[in-house]
Amino acid sequence: MNHAPAALPSLAAIEAAARTVYREFPPTPQYRWALLSERLGTECWLKHENHTPVGAFKIRGGLAYFQQLKDEGALPRAVISATRGNHGQSIGWAARAHGVACTIVVPRGNSVEKNAAMRALGVELIEHGDDFTESAEHAQRLAAERGAHMVPSYHPALVAGVASYWLEFLRAVPQLQVAYVPIGMGSGACAAIAAKQALGHGVRIVGVVSRHATTYADSLAAGHVVPAPATTRLADGMAVRRAHPDALAVLQAGLDHLVQVSDDEVAAAMRALHADTHNLAEGAGAAALAAALQERASLQGQCVGLALTGANVDAEVLAQVLSA
């Protein structure tokens, strides 16, 4: 790999980000659901990032990112970013908290309910492009035209904020031996690696990608960024066409291994989470369970941690999945 890993946030940096997060909401719970453990055939803990004020883990990163801008005396008058939904809610929430105007670019045909949630936070929403990559490129052009600050989808401050939930998880369940985390742009999985390293914990971090969006799988295999089509119908939070080189370097060094999950496996995991815990999971939010179920035979006797990273699934999509 010719791209050196960026320095991951230290324990002090993650704890500082956590203090920023806790001004907005408390630590999220993690539960050992009996039916879920029974389904997996081993001790299984679920971290409920679906219980944040925006229904997903991303809010932690946005809060930490804006706090860093404030600490540096660099709060802009306006920000722009691109998203499939949860990152946009994160940036919208943090921008509102700091009195900063926020514009978010989403692809055409994006989640109706995620779009509505962003608008409710005061976001100016622009639909442009057929996928996340086209939206991100348009957002960068707009930022340059308007003189606005472009908030990236991957940044060390975002990782520090997200790592606060992994700090919670590993401290609450220190016996975790293996943890599964979905990969979109990579902040979630990189944050898991950061928290593991900061605590000196032995947990093995397993990355999960959609079989229908394989840029990270292809890039990890090749040792450099390899774009790939993103055709997943269900896991929009993982529908990334081009891996981020900084995230890729961290994942290359820190992941135990990678699992690819199909939309059908994700749908089955969404149904399982609903049946076993009565929690809603969007596609990416159920991907960790889908991967663990795929590897069920090798997990027996181990303590498994799953990140339920988000619950922001449109009602129509959820109805179709649950009735299948």
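Leaving aside its neighbours within four places in sequence, with which residues is Ile205 in contact? In this predicted model, the residues that Ile205 contacts, once those sequence neighbours are set aside, are Ala179, Val181, Ala192, Ile193, Lys196, Leu255, Asp256 and His257. Ile205 also belongs to the largest nonpolar core, which has 38 residues, and it is listed with Trp166, Leu176, Tyr216 and Leu251 as touching the most other members. At least two residues of this core are supplied by each of helix H7, strand S7 (178-182), helix H8 (187-199), strand S8 (204-210), helix H9 and helix H10, and the largest share, eight residues, comes from H7. Apart from this core lies another, of 35 residues, whose members include Tyr180, Leu308, Val313 and Leu318.

Strand S3 (residues 78-82) is mostly covered, five of its five residues being buried. In a regular strand the side chains alternate between the two faces of the sheet. Both faces of S3 are covered, with Ala78, Ile80 and Ala82 buried on one side and Val79 and Ser81 buried on the other. S3 runs parallel to strand S4 (residues 101-106), to which five bridges join it, and within this pairing Ser81 stands opposite Ile104 of S4.

Because Glu49 lies in the loop between strand S2 (44-48) and helix H3 (59-71), whereas Arg60 lies in helix H3, the pair ties together parts that are eleven residues apart in sequence. Glu49 has a relative accessibility of 0% and therefore counts as buried, and Arg60, with a relative accessible area of 0%, is likewise buried.

Arg60 also forms a salt bridge with Glu168, for which the separation of the closest N and O atoms is 2.9 Å. Since Glu168 is located in helix H7 (residues 156-172) and Arg60 in helix H3, this pair ties together parts that are 108 residues apart in sequence; both Glu168 and Arg60 are buried.

Asp236 is found in the loop between helix H9 (215-222) and helix H10 (245-254), while Lys114 is found in helix H5 (residues 112-120), so that the pair ties together parts that are 122 residues apart in sequence. Both Asp236 and Lys114 are buried. Elsewhere, salt bridges that share partners join Lys47, Glu49, Arg60 and Glu168 into one network.

Definitions and conventions
Residues are numbered from 1 along each chain as its sequence is written. This is a predicted model: local features need pLDDT of at least 70, side-chain atom pairs count only at pLDDT 80 or more; totals for chains, interfaces and linings use all residues. Side-chain values use heavy atoms; hydrogens and water are left out. Helices (H or I, at least four residues) and strands (E, at least two) are DSSP runs, numbered from the N terminus. Buried means under 20% relative accessible area, exposed over 50%, partly exposed in between (1.4 Å probe, protein chains only). A salt bridge is a side-chain nitrogen of Lys or Arg within 4 Å of a carboxyl oxygen of Asp or Glu. Two strands pair if DSSP finds at least two bridges between them. A nonpolar core is a set of buried Ala, Val, Leu, Ile, Met, Phe, Trp, Tyr and Cys residues joined through side-chain atoms within 4.5 Å. Contact means heavy atoms within 4.5 Å.
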